[in-house]
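I opened the notebook today to look up pockets and salt bridges. Here is the structure I worked from.

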Amino acid sequence: MKYTIYVDGQEGTTGLKIHERLAGREDLEMLSIAPGKRKDPDERRKLLNQADIAFLCLPDDAAREAVAMIDNPCTRVIDASTAHRTAPDWAYGIPELRPGQADLIRASKRVAVPGCYASAFNLMMTPLVEAEIVPRDYPVTCHAVSGYSGGGRRLIEQYERDRDFAEKFRSPSFYATALGHKHLPEMQAVSGLRYPPVFTPILGNYYQGMTVAVPLLPRLLQKPMGPAEFHGFLAEYYNGYTFVKVMPLDVVLEEGKLDAEGCNGTNRLEIYVFGHKDQILLTARLDNLGKGASGAAVQNMNLMIGADETSGLM
């Protein structure tokens with residue numbers, strides 16, 4: 001059986017990457033919209049309702065509009081925008097998040113692809129909060145570095161076409177300094193924290209790849225744990241998953257540095273545990289265009305259509 005696939009917003013960064021990952025799949029039939037009709041609501045509505053799986057790679061308001069256009073009960077939606085990530089009737093698209101999450105995605109007609117930062121944060125924090133290792137009212141901070149492709153097509157074009165703009169941001173730059181980044185609602189809701197983390201993302205002068213770090217102080221935990229205990233818990237929790245790996249505690253990093261580009265071109269997310277008895281640093285590395293966007297979307301689609309979860313992702 002061939003499944004019909006439509007990508008609404010196929011000219012954006014995530015939409016293009018989804019097309020790349022699905023190219024050549026014999027189990028799929030890709031629907032396409034004529035360039036001149038990309039904003040034609042009637043043509044979009046027709047294609048959305050023809051599709052078995054509709055990917056939404058759109059701004060939030062346009063994603064909500066697209067969902068409202070669908071009246072075919074058989075059309076299943078994978079939304080890469082922020083619009084539905086905390087909606088109770090949408091499945092949150094991290095299959096590895098907790099036992100049963102992959103089955104929830106398989107059965108769902110509406111799946112929200114997590115944000116790139118939120119994917120890393122939630123994979124590190126959700127198991128710890130649910131196991132009551134980290135209290136729900138812990139004062140969590142999160143620091144992250146991402147390549148500029150995370151800003152979407154417009155930011156990419158500015159970086160690559162406007163030399164003055166690129167020079168202005170030649171050094172790494174804090175952004176979202178009002179502490180209201182759009183990923184915060186899902187970071188809090190999915191992890192189960194009582195308060196949102198203080199989240200300080202940094203934009204790097206490189207194309208793709210990211211690291212997300214959460215420091216913890218064992219003295220503030222009900223049961224103080226060192227690096228070995230944190231590592232052992234997370235390694236057991238994620239044992240057997242293809243795309244989420246807890247790296248060895250004694251991993252050797254060149255000059256002690258963890259670069260942000262080591263997972264580029266993959267759907268892999270790596271979790272590292274650093275520190276000592278007084279301070280713990282949990283760090284995740286992923287491709288913001290892979291497990292942080294298009295790769296996650298395709299992984300969810302594979303589950304929803306009963307394909308091998310790794311198809312198009314290895």
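Which helices and strands each supply at least two residues of the lining of the largest pocket? I found β1 (3-8), α1 (13-22), α3 (60-69), α5 (116-130), α6 (152-161) and α10 (290-305).

**Ground rules.** I am reading a predicted model, where local features need pLDDT of at least 70, side-chain atom pairs count only at pLDDT 80 or more, and totals for chains, interfaces and linings use all residues. Residues are numbered from 1 along each chain as its sequence is written, and side-chain values use heavy atoms, with hydrogens and water left out.

**Terms for pockets.** A pocket is an open set of points on a 1 Å grid over the protein atoms alone, where a 1.4 Å probe fits, with protein on both sides within 12 Å along at least five of seven lines; lining residues have an atom within 4 Å of a point. A volume is the space filled by probe spheres set on the points, which are joined across faces, edges and corners. Helices (H or I, at least four residues) and strands (E, at least two) are DSSP runs, numbered from the N terminus.

**Largest pocket.** I noted about 1,400 Å³ of space here. Its lining has 47 residues, and Cys 57, Leu 58, Pro 59, Gly 152 and Arg 153 lie nearest the centre. Helix α6 gives the largest share of that lining, four residues.

**Second largest pocket.** I read a volume of about 170 Å³. Among its lining residues are Arg 85, Trp 90, Tyr 92 and Val 190. Both α4 (101-107) and α8 (184-191) supply at least two residues of this lining.

**Salt bridges.** My search of the whole structure gave 15 of them (a side-chain nitrogen of Lys or Arg within 4 Å of a carboxyl oxygen of Asp or Glu). For burial I used under 20% relative accessible area as buried, over 50% as exposed and partly exposed in between (1.4 Å probe, protein chains only).

I looked at Asp 27 and Arg 25, whose side chains meet at 2.9 Å, N to O. Asp 27 is partly exposed at 24%, while Arg 25 is buried at 13%.

Next came Glu 96 and Lys 291, with closest N and O atoms 3.0 Å apart. Glu 96 lies in the loop between β5 (91-92) and α4 and Lys 291 in helix α10, so this pair ties together parts 195 residues apart in sequence. Both residues are buried.

Last, I checked Glu 270 and Arg 285, a salt bridge at 2.8 Å. Glu 270 sits in strand β12 (residues 269-276) and Arg 285 in strand β13 (residues 279-286).
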